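Reader: I have just opened this one and would like a guided tour. Could you take me through it step by step?

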Amino acid sequence: MIQKSTFAALILLPSFTYAATVLSSPPELNNKSYVLMDYETGQILASKNENEHLAPASMTKMMTSYIIEQKLLKGDLTENESVRMNESAWCRGSSAESCMYVPLNGTATVLEMLRGIIVQSGNDASIAMAEHIAGNEGTFAHMMNQEAKRIGMTNTHFINSTGMPADGHYSSAKDMALLAQHIIKDSSKYYPIYSEKEFTFNGIKQGNRNALLYTDPSVDGLKTGHTNEAGFCMTTSSKRGPMRLISVIFGTPSMNERASQTRSLLAWGFANFETVNVQPANQVLAKTKVWFGKQDEAQIGLAENFNVTMPKGQAGNIKTQLVIQPKLNAPLAKGQVVGKLVASLDGKVIAEKPLVALKPVEEAGFFARMIDHIKMFFSNLF
C-alpha cells in the first residue's frame with residue numbers, strides 16, 4: 001500500500017542486517033572481518049567487524065585497476081598506449097611479491113598492464129601504471145584516496161598502489177565491497193578481465209589466484225590478497241539468476257580457508273535471500289500540485305526499477321510510502337528529484353529510491369504566476 005506524507009531530506013540509510021529475520025544464522029567464520037553485500041541494492045546481508053581498519057594486501061589493486069579502467073573509459077588512456085617499466089617499478093622476482101615480469105626498461109600496453117594487475121596481481125604492473133598516470137606512486141596514492149572518498153569508502157586510506165605493508169595503509173570489508181560494486185557497475189567493459197583464469201606475458205603464464213573461478217561457474221571476480229600482516233583475503237562476486245552477491249573476507253589463515261569461507265558465505269546468502277521488484281520504473285505513482293507552472297500537476301514516479309533484497313518469503317510483507325516534497329514550484333525538469341519512495345519490512349526502513357518528475361513542467365507566464373502567488377498566500381493562511 002502506498003501512502004503520502006511530508007517530505008524530509010533525502011538521506012543515506014545505514015547498513016541493515018537481516019540476520020534476525022532469516023531462518024538460519026550466517027556461518028561461523030574464522031577470520032578478522034567479513035561482509036556479504038547485495039550488489040544491486042548495496043544492502044549488507046551479513047557482516048563481522050565490517051568497518052574495522054585492516055590491511056587489505058593485494059585487494060588494494062582493485063582501486064588501482066578501477067582508476068585505470070575509468071581513465072580508459074574517459075579517453076585519458078588508450079588500451080594500446082605503451083607503458084615503460086622503470087627500475088622503481090621493476091620486479092626482480094622475489095618470492096615476497098607477485099609480479100607480471102615486464103623486463104626492466106621494457107614496455108607493455110595499458111591493457112596488458114591491466115591484465116597483469118588483475119589476473120597476475122603484479123606489483124610491478126601496479127607501480128608502473130601509477131607512475132605512468134601520476135608521475136610517482138605517492139601522487140597516485142593521493143588519487144586513490146580521492147576516488148575512495150568520492151565513492152563513499154569512509155574507512156580506507158591508501159599509501160601505495162599494491163597493498164604491500166605500510167603504516168597507515170588500510171581498508172575495511174564494507175569499503176572493499178563498495179569498491180567491488182563500483183567496478184562491476186562503472187567498469188562493465190573491463191569487468192570480464194576479473195574472471196580470466198590465466199594471463200601470459202613475456203612467455204610466463206600465471207593463473208588467477210581466485211580458486212573459486214575454477215570451481216564455481218557463478219563466480220566472475222574479483223581479487224585475492226595476502227601478506228603476513230593481512231592474512232589471506234578475498235573479494236568475490238557471484239551471480240545466480242537475477243541476484244548478484246559480493247563477499248569480502250579479511251584475515252583467514254590459509255588460501256583454502258579464504259575459498260571455503262567465501263563459498264559458505266555465498267551459499268548462505270543465496271539460500272536465504274531473494275531480490276524482488278518493489279516498484280517498476282516510469283509508472284505514475286502520484287500526481288501532485290505544482291505552483292507557477294503551465295500545468296497544475298506533476299506526474300511522479302521512479303526513474304529506475306526499485307529492487308530490494310530480503311529474506312525469502314517476505315516479499316508480501318513489504319510496505320511502501322511515498323514521501324513527496326511539499327509545494328513544488330515550476331519549472332520542473334524531467335528526472336528532477338522531488339521526494340523518495342521508502343520500503344520497510346517489519347517496521348524497519350530497508351531501502352529508499354528517489355522519486356522524480358516523469359515529465360517536465362514549464363514555468364507559466366507572468367500573470368498565471370501572479371495568480372498562483374495570490375492562491376499560495378491565502379492557502380498559507382489556512
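Predicted model: local features only at pLDDT ≥ 70, side-chain atom pairs only at ≥ 80, totals over all residues.

Reader: How many cavities of 30 Å³ or more does the structure hold?

Author: A cavity is a spot where a 1.4 Å probe fits but cannot get out. Rolling a probe the size of a water molecule over the atoms shows where empty space is left. Counting the cavities of 30 Å³ or more gives 2.

Reader: Which element gives the largest share of the lining of the largest cavity?

Author: Start with the residues around that cavity: Ile118, Val119, Ser121, Asn208, Arg209, Leu222, Lys223 and Thr224 line it. Strand 8 covers residues 219–227. With 3 residues, the largest share of this lining comes from strand 8.

Reader: And the second largest pocket, which element gives the most to its lining?

Author: That pocket has a volume of about 330 Å³ and is lined by 24 residues. Nearest its centre lie Ser58, Glu97, Ser98, Arg209 and His226. Both strand 8 and helix 7 (255–272) supply at least two lining residues each. The most, 5 residues, comes from strand 8.

Reader: Let's look at helix 2. How many of its 9 residues are buried?

Author: Helix 2 runs over residues 110–118 and is mostly covered. Its buried residues are Val110, Leu111, Met113, Leu114, Gly116, Ile117 and Ile118. Ile118 also belongs to the lining of the largest cavity. So, with buried meaning under 20% relative accessible area, the count for helix 2 is 7.

Reader: Which elements do the buried residues of helix 2 pack against?

Author: There are helices and strands among the partners. The helices are helix 1 (61–74) and helix 3 (123–134). The strands are strand 4 (82–84), strand 5 (107–109), strand 6 (198–201) and strand 8.

Reader: Is Pro56 buried or exposed?

Author: Pro56 is placed in the loop between strand 3 (44–48) and helix 1. Leaving out residues up to four places away in sequence, Pro56 touches His169, Tyr170, Ser171, Met176 and Phe250. Its relative accessible area is 0%, so Pro56 counts as buried.

Reader: How far apart in space are Pro56 and Tyr190?

Author: Along the sequence, Pro56 and Tyr190 are 134 residues apart. Going from C-alpha to C-alpha, the distance in space is 22 Å.

Reader: What about Gly251: buried or exposed?

Author: Gly251 sits in strand 10, which spans residues 243–252. Beyond its neighbours within four places in sequence, Gly251 is in contact with Asn30, Asn31, Lys32, Ala230, Gly231, Phe232 and Cys233. Since its relative accessible area is 13% and the cut-off is under 20%, Gly251 is buried.

Reader: What separates the C-alpha atoms of Gly251 and Glu229?

Author: Gly251 and Glu229 are 22 residues apart along the chain. Their C-alpha atoms are separated by 8.5 Å.

Reader: Zooming out, what percentage of the residues in the protein is buried?

Author: The C-alpha atoms fill a box of roughly 80 × 50 × 35 Å along the principal axes, and the secondary structure comes to 8 helices and 18 strands. Among contacts with a separation of 6 or more, 67% join residues 24 or more positions apart. Of the 382 residues, the buried share is 52%.

Key
Residues numbered from 1 in each chain as written. Heavy atoms only, no water. Helix = DSSP H or I, 4+ residues; strand = E, 2+ residues; numbered from the N terminus. Buried < 20%, exposed > 50% of the residue type's maximum accessible area, 1.4 Å probe, protein only. Contact = heavy atoms within 4.5 Å. 1 Å grid on protein atoms, 1.4 Å probe; cavity = no way out; pocket = protein on both sides within 12 Å on 5 of 7 lines; lining within 4 Å. Points joined across faces, edges and corners; volume = space filled by probe spheres on them.
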